[in-house]
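Please read it alongside the sequence and the structure.

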Amino acid sequence: MLIACGGFLVLGLLASACSSQPPAPAAAPAPQHPALWGDMTSVVSVKDLMHDMIDPASDYIFNAVSIVDTKGHSVEVGPKTDEDWDKIRIGAVTMAEGAYLLKVPRPFAPAGDENNSTGPDAEELAPARILAKLQADPVKWNARIEALRNVGLQVLEIVKTKDVKQLWDASDNLDSACENCHVDYWYPGEGELFKKLDRRLID
């Protein structure tokens, strides 16, 4: 009986010792990576960025496929060599990466450039009006950027398979992405024109 009591006493002491130990430290939280590796500042305006980067990149895609008239016959022209496909890839990479530069705050036009926004037949919005539209609905601005970027990503996949037919579809998608953004932020008159054409087609 004394042996049994001694055993219970030893178990009790062990249990007491275990319960008095500090709890194991919690696992360290996963390191939080910053959204960017460093600060980003713009160098040129949106107008310059489009002229010097986005537009030339889009030409690599737009010009990749075409239909030419040869001796009275329509002939489809597309990429044939590795060099041709390399140029298309350059356009796609520039498009996919460059589109996100439109998220970096920057002026919409160079200093002193008010676009073609004056006079009764003004075709373009002034930079201040474009900025006001962006600030009123930043979700739409970012949606237009994503649409442009998605075309670049689409073309990158097409380059892997070298599917010329899909390049036609990508070219149409790029045209839509560009035109939708221009109608919203640059050429408001085009939007009204399209609405009139739609009404005529419906009538």
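**Helix crossing**

Helices α2 and α3 cross with a left-handed sense. The model is predicted. Helix α2 spans residues 46-62 and helix α3 spans residues 82-98, and their axes come within 8 Å at a crossing angle of roughly 140°.

- On the α2 side, the contact is made by Met53, Ile54, Ala57, Ser58, Tyr60 and Ile61.
- On the α3 side, the contact residues are Lys87, Ile88, Ile90, Gly91, Ala92, Thr94, Met95 and Gly98.
- Sorted by class, the residues in the contact of α2 with α3 are 9 nonpolar, 4 polar and 1 charged.

**Strand pair**

- Strand β1 (residues 66-70) pairs with strand β2 (residues 73-77) in the antiparallel sense, over 5 bridges.
- The residue opposite Asp69 is Ser74 in β2.
- β1 and β2 form a hairpin, with 2 residues between the strands.
- Lys71, in the turn, has a positive phi of about 50°.

**Loop residues with positive phi**

- Asn115 is not a glycine, yet its phi is positive, at about 60°.
- Asn115 sits in the loop between α3 and α4 (127-136).
- Asn115 counts as buried because its relative accessibility is 13%, and the limit for buried is under 20%.
- Lys162 is likewise not a glycine and has a positive phi of about 55°.
- The loop that holds Lys162 runs between α5 (138-161) and α6 (164-185).
- Lys162 has 41% relative accessibility and therefore counts as partly exposed, a class that lies between under 20% and over 50%.

Terms used
Residues numbered from 1 in each chain as written. Predicted model: local features only at pLDDT ≥ 70, side-chain atom pairs only at ≥ 80, totals over all residues. Heavy atoms only, no water. Axes fitted to C-alpha atoms, helices over the stretch in contact; angles between N-to-C directions. Helix = DSSP H or I, 4+ residues; strand = E, 2+ residues; numbered from the N terminus. Left-handed = near helix turned anticlockwise from the far one by under 90°. Contact = heavy atoms within 4.5 Å. Nonpolar A, V, L, I, M, F, W, Y, C, P; charged D, E, K, R; others polar. Pairing = 2+ DSSP bridges. Buried < 20%, exposed > 50% of the residue type's maximum accessible area, 1.4 Å probe, protein only.
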